[in-house]
Amino acid sequence: MPSSEAAFRRLRREQGSETRFIRIQADSGNMSMNFDQARFNMVEQQIRPWEVLDGRVLTLLETIHREDFVPVRYRKLAFADIAVPLACEQVMMRPKIEGRVLQALGLGEDDSVLEIGTGSGFLTACLASLAKCVVSVEVFEELHLEAALKLREKMISNVELFVGDVMKGWQPEQAHDVVVVTGSIAAVPEQFKGWVNPGGRMFVVSGESPAMEARLLTRLDVTNWAEQSLFETDLPRLVNSEPPPVFEF
């Protein structure tokens, strides 16, 4: 396993010069960090300047310990403006994107949420803190088990976790008020729309890398939707969501 410093240098090369990194202080020859201060700095220097002004969201991101959901080898990068690597070649969303997602959804205490892609479980924990209940499905069992353990340790009990592939037949038992798709998709599958209650909303990121668009879709009635463009970003594809290749003759 590479050292924290080596991982830090590697991630900096991968993420590019725009990435902001948190200064890690040396303490008696060991790497140490004030997580509370780093968490505060993340909110004030990354998330708030990216137009996240909802007080509930800002307080939540200062309260839930993001570092506890990050793989141990990257724990000191939990608050950096990067997509932290996870197992199974997956990544966490950047903190500021998570903040914009939570703000855009405008979750209420009676909302039920379907999260497609549990990942680290951090966004799951945030959704559960704002909504009535969360159903979250993850295609990789390893990530599912790790997230389940972390959520249990945080005593978050209004979450139901599943292992399944939404692109290959998995579907929820009922529709939800909010659907959050944590990986990008070329286009919104029709079955996803059927999982949103009338009056509900769906967060999606679609398009082609590197210029993808985050959107909030609101279901007005059985057939009609309203669409709001939120911001540009670039997320890895949802597993198995790539359209089949088109062959030209």
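1. The structure under discussion is a predicted model.

2. Salt bridges overall. How many salt bridges does a search of the whole structure find? The search returns 13. Side chains of opposite charge can pair when their charged atoms come close. Three of the pairs are taken up in the next points.

3. Aspartate 36 and arginine 39. These two side chains meet in a salt bridge, with an N to O distance of 3.0 Å. Both residues belong to helix α2, which covers residues 35–47, and they are three residues apart, about one turn of the helix. Are the two partners buried or exposed? Aspartate 36 has a relative accessible area of 52%, and because exposed means over 50%, it counts as exposed. Arginine 39, by contrast, has a relative accessible area of 3% and is buried, since the limit for that class is under 20%.

4. Arginine 48 and glutamate 44. A salt bridge also connects the side chains of arginine 48 and glutamate 44, at 3.1 Å from N to O. Arginine 48 is partly exposed, at 34% relative accessibility. Glutamate 44 is likewise partly exposed, with a relative accessible area of 27%.

5. Arginine 94 and aspartate 81. In this salt bridge the closest N and O atoms are 3.5 Å apart. The pair links distant parts of the chain: arginine 94 and aspartate 81 are 13 residues apart, each in the loop between α3 (55–63) and α4 (95–105). Arginine 94 counts as partly exposed at 21% relative accessibility, whereas aspartate 81 counts as buried at 4%. As to networks, salt bridges with shared partners join Asp36, Arg39 and Glu67 into one.

6. Threonine 59. This residue is placed in helix α3. Threonine 59 is exposed, because its relative accessible area of 51% is over the 50% limit for that class. The C-alpha atoms of threonine 59 and valine 43 are 8.9 Å apart in space, while the two residues are 16 residues apart in sequence.

7. Helix α4. Why is α4 described as largely enclosed by the rest of the structure? The reason is that nine of its 11 residues are buried. The buried residues include Pro95, Ile97, Val101, Leu102 and Leu105, and charged residues are also among them, namely Lys96, Glu98 and Arg100. Just after α4, glycine 106 takes a positive phi of about 55 degrees.

8. The largest cavity. The whole structure holds two cavities of 30 Å³ or more. The largest contains about 410 Å³ of space. Its lining comprises 27 residues, and those nearest its centre are Gln90, Gly117, Gly119, Thr182 and Gly183. Strands β3 (112–116) and β4 (133–138) each supply at least two residues of this lining. By class, the lining has 13 nonpolar, nine polar and five charged residues.

9. The second largest cavity. This cavity has a volume of about 40 Å³. Among the residues that line it are Phe69, Pro71, Leu86, Glu146 and Lys150. Its lining has five nonpolar, two polar and two charged residues.

10. Cysteine 88 counts as partly exposed at 26% relative accessibility, whereas glutamate 89 is exposed at 80%.

11. A cis peptide bond. Which peptide bond is cis, with omega near 10 degrees? It is the bond from serine 209 to proline 210. Proline 210 is located in the loop between β7 (196–208) and β8 (211–219).

How values were computed:
Residues are numbered from 1 along each chain as its sequence is written. This is a predicted model: local features need pLDDT of at least 70, side-chain atom pairs count only at pLDDT 80 or more; totals for chains, interfaces and linings use all residues. Side-chain values use heavy atoms; hydrogens and water are left out. A salt bridge is a side-chain nitrogen of Lys or Arg within 4 Å of a carboxyl oxygen of Asp or Glu. Helices (H or I, at least four residues) and strands (E, at least two) are DSSP runs, numbered from the N terminus. Buried means under 20% relative accessible area, exposed over 50%, partly exposed in between (1.4 Å probe, protein chains only). On a 1 Å grid over the protein atoms alone, a cavity is a set of points where a 1.4 Å probe fits but cannot get out, and a pocket is an open set with protein on both sides within 12 Å along at least five of seven lines; lining residues have an atom within 4 Å of a point. Grid points are joined across faces, edges and corners, and a volume is the space filled by probe spheres set on the points.
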